[in-house]
Amino acid sequence: PHPPSSPCRCCHPAVALPDSTMAELPAVLGKPFQPALEKFCRVEPALSLEELDELQGLLKEHGTLDCSRAKCKDANGKPTGPFSASAANAKGDHSGSSMFGSWLRDNCIIAYGLYITDPDGQGCEDAKACLDSIAKFLLTHESYRMELVIGGHKEVTGKDEKSWMDRPHIRFIGETGLEDTKWYNHKQNDALGYFLWTRIQLALAEKMPMTGEHLKLLGQLFDYLRTIECWDDLDAGHWEEHSAQHASSIGPCLAATRAFTELVAREGYLAPCRPDTLEVLEIRLALALREILPNEVIKPKSHFRDADSACVFLCYPLGVVSDEVGLKIIDQVNILMGHIGMCRYRKDSYWCKDYKDKIGDDPTKHFTDEELKERDALLVPGEEAQWCLFDPMVSAFYGKMYQKTHKAEYLKLQQLFLSRALAAITGDDCEFGAWMCCEAYYLLGDKWVPNDNTPLVWTMVDLAMAMSEMKKSLSSVKKRPAAAMKRPASAMS
């Protein structure tokens, strides 16, 4: 999207860099909403370790990355493990909104981010508690749903929207651990893949050894994904919208399959699923992903989508694609990069201009496929919301590339996208509060403002991961002798 014509601070004007510098960049760097962050928001040189420490101290002082604010609590005020999608802000705690719920996808990425940024501290403990609460929810309320599908007693892959509630639920009430009984589109294989992958990552790291119950659950999930032929399933994808075969749903399932294959081999487990399930999933998922990438959707043709920011997560943190394919994906999503953040995809009508005036009282309501057609008609191209989830992950991916190759261009891009993520932190004039990580900025009249789902915990943990990768890159710069040999490039693990 292009900024509105009237120049104002809310419109987030791009930094006036020399034309030659801007021409080399895949995205512009805007002036930060928080003036105190301006010294850190630049293309080059990269931050120093001392500056990174200063930045982390500043964000800690203002609670910008404090995910604990979003911990779900029971009636006695005790944390139950999962996180709500959005943390409390100056206007309340999002109760009454769907953002008060606990999504498997969000929670698993949050848990992974907490673990890798604090592997020996409270972050890791919170990650374990989060994953344990999800496993308990699935074992208690969703295992029987999967068993009915595996046994052939329920059909959930058709167009009947009522059947979508018969799938394992990917969102629940975090305070109680119960199902939310309202109709919802639970046709989201990526969410199941993220849970599998994250739970296995903590087992592989020996931070959360596998229990018998969890092992049984994982085997059942893999058999369920095989039964519904998840490689060809028309699910709702990351954005819970159009029914299609999504690369961003196939990728997490493939990453989980590979991680579980590694775990059972290392530990000598007998995988509690059909004997050939992991092999079938590996072959079918890998083939499907190869056919689709770097696109997001090729089937059905009516929903073809060449660029979708959800594919960024295949590059980082999943690392399920090779470096070469990862670079193609990032190149593909360049067209989604706005002056503040990134669109989810072009012609995305969610949080389009004056969204609340057009949608009504509940801007977080869920839409059926038919209702989506009506919502999509509201969009004027170029007025898509700009999301804050993705720049940190693009930065982290370039960080991994730099750590492997020591190519200066990757460090420059890592710095650029970290700077963009920092520049989007809310200013003092934000109605939801200052120093917050947004879900997205959208057009309200002629001004770009944070949407109601502020702060978004997913964005918070993404930024924490990006800063962690920057620290690794800077430590690599400091330690590396001037004539050090380049490391060979390889697929991320």
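Guide: Start at H406, which is buried, with a relative accessible area of 11%. The cut-off explains the label: buried means under 20% relative accessible area. Keep in mind that this is a predicted model.

H406 is not a glycine, yet its phi is positive, at about 60 degrees. Most residues other than glycine have a negative phi, and most peptide bonds are trans. H406 sits in the loop between α13 and α14.

Now follow those two helices. α13 spans 390-405, α14 spans 408-423, and each supplies at least two residues to the lining of the second largest cavity. α15, residues 457-479, also supplies at least two. The cavity holds about 80 Å³ of space. Its lining has 14 residues, and the closest to its centre are C388, R420, A421, A424 and T459. By class, ten residues of this lining are nonpolar, two are polar and two are charged. The count of cavities of 30 Å³ or more comes to three.

Next, the sheet. Three strands form an open sheet in the order β6-β7-β8, with antiparallel pairing. β6 (386-387) and β8 (447-450) stand at the edges, each with a single partner strand, so one side of each has no neighbour in the sheet. β7 covers residues 440-444 and pairs with β6 over two bridges. Q386 stands opposite Y441 in β7.

Other backbone exceptions occur elsewhere in the chain. W351 is a residue other than glycine with a positive phi, near 60 degrees. W351 lies in the loop between α10 and α11. W351 is buried too, with a relative accessible area of 0%.

Two cis peptide bonds deserve a check as well. One joins K299 and P300, with omega about -5 degrees. P300 is in the loop between α8 (277-292) and α9 (312-315). Another runs from Y316 to P317, with omega near 10 degrees. P317 is in the loop between α9 and α10 (323-332).

Last, the whole chain. It has 15 helices and eight strands. Of its 493 residues, 60% count as buried. Among contacts with a separation of 6 or more, 70% come from residues 24 or more positions apart. The chain exposes about 19,700 Å², and carbon and sulfur atoms supply 53% of that area.

Note on methods:
Residues are numbered from 1 along each chain as its sequence is written. This is a predicted model: local features need pLDDT of at least 70, side-chain atom pairs count only at pLDDT 80 or more; totals for chains, interfaces and linings use all residues. Side-chain values use heavy atoms; hydrogens and water are left out. Helices (H or I, at least four residues) and strands (E, at least two) are DSSP runs, numbered from the N terminus. Buried means under 20% relative accessible area, exposed over 50%, partly exposed in between (1.4 Å probe, protein chains only). Contact means heavy atoms within 4.5 Å. Accessible areas come from the Shrake-Rupley method with a 1.4 Å probe; for residues, only the protein chains shown count as cover. Two strands pair if DSSP finds at least two bridges between them. On a 1 Å grid over the protein atoms alone, a cavity is a set of points where a 1.4 Å probe fits but cannot get out, and a pocket is an open set with protein on both sides within 12 Å along at least five of seven lines; lining residues have an atom within 4 Å of a point. Grid points are joined across faces, edges and corners, and a volume is the space filled by probe spheres set on the points. Ala, Val, Leu, Ile, Met, Phe, Trp, Tyr, Cys and Pro count as nonpolar, Asp, Glu, Lys and Arg as charged, and the others, Gly among them, as polar.
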